[in-house]
Amino acid sequence: MTVDSRLAGLREPQVQRQKSSLFRQSLKRLMKNKLAVAGFGVVVFMFALCFIGPFFSPYADNKINMAMMNKAPSLQHLLGTDALGRDILTRVMQAGRISLTVGLASMVLSVFIGALLGAVAGYYRGIADQIIMRIADLLMTIPGLPLLFIFGALLSEWKVPTDYRMYIVMLMLSIVNWPGLARMVRGQMLSLREREFMQAAVVLGLRDSRKLFHHLLPNVVPLLIVMATLNIGGAILSESVLSFFGLGVMPPTPTWGNMIDAANNMIDFQDHPWLWIPPGLSIFATVIAINIFGDGLRDVLDPKQKR
Amino acid sequence: MKHLMKIEGLSTVFHTEEGKVTAVDHVSFQVREGETVCIVGESGCGKSVTAMSIMGLVEAPGGQVNGGQIDFAGEDLLRLDKNTLRAIRGNEIAMIFQEPMSSLNPVMKIGEQIMEPLMVHLKLNKKQARIRAIELITQVGIARPEQIFGSYPHELSGGMLQRIMIAIAVSCSPKLLIADEPTTALDVTIQAQILDMLREFKESGGMSILLITHDLGVVAEMADYVIVMYSGQIVEEGGVVELFNHPKHPYTRGLLKSKPVVGQRLEELYSIPGQVPNPLTLEQSCYFHDRCEHCMPVCRSRQPRLEELGGGQKTACWLYEEAEVHV
C-alpha cells in the first residue's frame, strides 16, 4: 500500500462529516430534544388521524340517525353520538381536517405576505418601509380577536355562503397575523443588509431581486420556520374561537370550534360531556404539541440563542 | 501605458452626529492597464473609503461621494445609471474584502456563490457555470473542488475562503481588481500564497490591481506604483522602487522606519508619535504637522500641494516646496 492511498483512507471519515448539511445538523440537534420530538409526534398523529381516519369510519356519510341521538360512548360509537345521531369520532376527524387546513393555509399565506412585505420594507427602507410598516402597525394596534369578530360579523351580515366561509376565515387569519411576521423579517433584513456579504453581493453587480430573494431571505428562513410553526397553533386556536362564537366556519361544515359550540348549553355541558371533550382535547393537544415543537425548533434554528 | 481608471478630485464625506467628516479629500490618481497600485496608510486615513467610493458602496444617507470623477474605460462611474453600473461591477471591476469569513453568504453553498456572477454577467447556464466554478476552485489551488463546491462557508478556513473570494472576483476576468486588505485577516504563510495567486491572475489575465493595505511588506512585494494616504489625502506617490529608496514625505519615512526588519533586534520598534487627527477638527494646515519631526511654521497655517519632485514621484510637503517659495 502506498502512502498516498493510506492517506486517502485516513481522510475518508472527515469527508463524510463535512457533507452533512445545515439541515441535517439541525435535525440531529432537534432529535436530542425529546419534548420537541414528542410534540412533533402528536402533530403528525393528529394530521394522520384527521386526514386518513375518516376513510376507515363507517359513519363518514354523516347520516342523521334519530334513533342514536346523544348516545354515550360505546363499542359501536367510540366517542358517542351528537344531537343528530352522528358519530363524534368521525366528526372530530372531519372537523380536524378543516381546522388543520385552515391553520396551515392561513400560516402559509401570512408567512408569504409577511416575509415578502417585511423583506421589501427592510431592504428598501424609505417610503416603502414607511407605508408597509405603518399599515402593519395599524393592524397590530387593534387586538386580533375583536378584529376577527368584526370580520366574522360582517361575513354573517353579508350572508357569505357557508362553503366560502372557510376560505375567507383563512384570509382573515392571515391578515391579522402577517404584521408580526413582517416586522420580524424587516428587523432581520435591516441588520443583514449591512453585513459584509451583502456588500460583496452589491460589488458582484447582482440585481435587487436576486439579492433580496437569493441572498437575504434564505438567511431568515430558520426564523421563518419557527414563526410559521408557532403561527399554525395560533391560527388553529383563533379559528376555533371564531367558530365557537359562530363567526368562523359554519355548520354543517364541522370544525373543532363549532363542535364545542354545539354543546354550548347547560344540559349538554353537564349530561353529554362526550360532545365537547373530544374536540376540546383535540384543540388542546394539537396547539400544545405545535407550540412545544415550535419551541424546540427555535432552540435548534435560532442562531442568537446559546446552545 | 494607457490608463484604465483615472480618479480626479474624488471627495467622500460622511454625515455623523458630530458633523461632516471628509474621509476622502480631493484624491486623484490613476491605475494603468496591467499595473498594481497600492494605497498605504494607517487605519482611518481613507484607504478603504476610497475603494468603497469607486465601487459605489458609500450610501446615502450615511455618506456620499460629493465631488470628482472616476473615469473607468471612458465612463464616469459616479454618473452612470444603476443598470450600467451593475453590469460593470463584478464583471469589469471586482473586489475582494478584508474578512473572508464574513464576505460570503453563510447560508449559500460555495459553489452557488461562484456560479452566480458567471450566470449573471457571462450568461452561462447552470451546467456551464458549474463546470467553470469547479475549474475556478481548482485554479485557486484548492484540492477536492467537487466537495468544496457543495460546502458552506463555515466549513472552510479563512485562507480557503479568501481563495474562494478570489475565485469569485476573477470569475468574469475583470479589468480591475480592488483588493481591500486581502491578507490582513490571514496568517503569514497563507498571506504569501494569496499574494502570489493575485499576481498570477494579474499576469495571466492582464488585469490591474488596486491593492489597499497597511502592510509595507505586501507593498514591496506587489506594487508597481504606491500611493501614501494620510487623513483622506494623498501625501506622497511614486514608483515602488523610488518611493522605498527615497521616501520624501516625513510620514512615508516614518512608515518605512516603523517596519520591522527580519534579523534586526531593536529595543523598541520605531513608531510615529501621536495619532491620526480627528477628521472633525481639521484646520487649514498640513494634517501631519503635529506628528512631524520637521514641522515648520508654514505647516501649521497652509496646506502643501502635491508637487512632482522629479522621477515621477509626487510629494505634498513644505520641506520640498519651501525652497521654491523662498527663491
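This is a predicted model: local features need pLDDT of at least 70, side-chain atom pairs count only at pLDDT 80 or more; totals for chains, interfaces and linings use all residues.
Residues are numbered from 1 along each chain as its sequence is written, and chains are lettered from A and ligands numbered from 1 in the order in which they are written.

For chain A, an unreviewed UniProt entry gives "domain: ABC transmembrane type-1" for residues 96-294. UniProt positions are given in the numbering used here, with feature names shortened, and annotations may be inferred rather than shown by experiment. In the model, residues 96-294 of chain A are 83% helix and 0% strand, and the end C-alpha atoms of the span lie 20 Å apart. Helices (H or I, at least four residues) and strands (E, at least two) are DSSP runs, numbered from the N terminus. The unreviewed UniProt entry also lists "transmembrane region" for residues 35-56, 98-123, 135-155, 167-185, 216-237 and 274-297 of chain A. Among them, residues 98-123 are 100% helix and 0% strand, with end C-alpha atoms 37 Å apart. Residues 167-185 of chain A are likewise 100% helix and 0% strand, and there the end C-alpha atoms are 26 Å apart.

Chain B holds an open sheet of eight strands with mixed pairing, in the order β6-β7-β8-β3-β9-β10-β12-β11. Two strands pair if DSSP finds at least two bridges between them. At the edges stand β6 (93-96) and β11 (307-308) of chain B, each with a single partner strand, so one side of each is left without a neighbour in the sheet. Strand β3 (residues 36-40) of chain B runs parallel to β9 (residues 225-230) of chain B, and four bridges join them. B:Val37 has B:Tyr225 as its bridge partner in β9(B). Helix α1 (residues 47-55) of chain B packs on this sheet, touching β3, β6, β7 (176-180), β8 (208-213) and β9 of chain B, and its direction makes about 145° with that of β8(B). Contact means heavy atoms within 4.5 Å. Axes are lines fitted to C-alpha atoms, for helices over the stretch in contact, and angles run from 0 to 180 degrees between N-to-C directions.

An open sheet of four strands in chain B has antiparallel pairing and the order β2-β1-β4-β5. Its edge strands are β2 (19-32) and β5 (75-76) of chain B, each of which pairs on one side only. Eight bridges join β1 (residues 3-16) to β4 (residues 63-72) of chain B, which run antiparallel, and B:Thr12 has B:Val65 as its partner in β4(B). Two bridges pair β4(B) with β5(B) in the antiparallel sense, with B:Glu75 of β5(B) as the partner of B:Phe72. The hairpin of β4(B) and β5(B) has two residues between the strands, and B:Ala73 takes a positive phi near 50°. Helix α1(B) also lies across β1, β2 and β4 of chain B, running at about 110° to β1(B).

Next come the spaces. On a 1 Å grid over the protein atoms alone, a cavity is a set of points where a 1.4 Å probe fits but cannot get out, and a pocket is an open set with protein on both sides within 12 Å along at least five of seven lines; lining residues have an atom within 4 Å of a point. Grid points are joined across faces, edges and corners, and a volume is the space filled by probe spheres set on the points.

The second largest pocket holds about 600 Å³ of space. Its lining has 28 residues, of which A:Arg193, A:Val202, B:Gly56, B:Leu57 and B:Glu59 lie nearest its centre. At least two lining residues come from each of α4 (88-124), α8 (196-203) and α9 (208-244) of chain A and α2 (82-88) of chain B.

A search of the whole structure finds two cavities of 30 Å³ or more. The largest cavity has a volume of about 120 Å³. It is lined by 14 residues, with A:Ala200, A:Ala201, A:Leu204, B:Ser103 and B:Ile168 nearest its centre. The second largest cavity has about 60 Å³ of space, and its lining includes B:His249, B:Cys286, B:Cys292 and B:Trp318.

Methods. Side-chain values use heavy atoms; hydrogens and water are left out.
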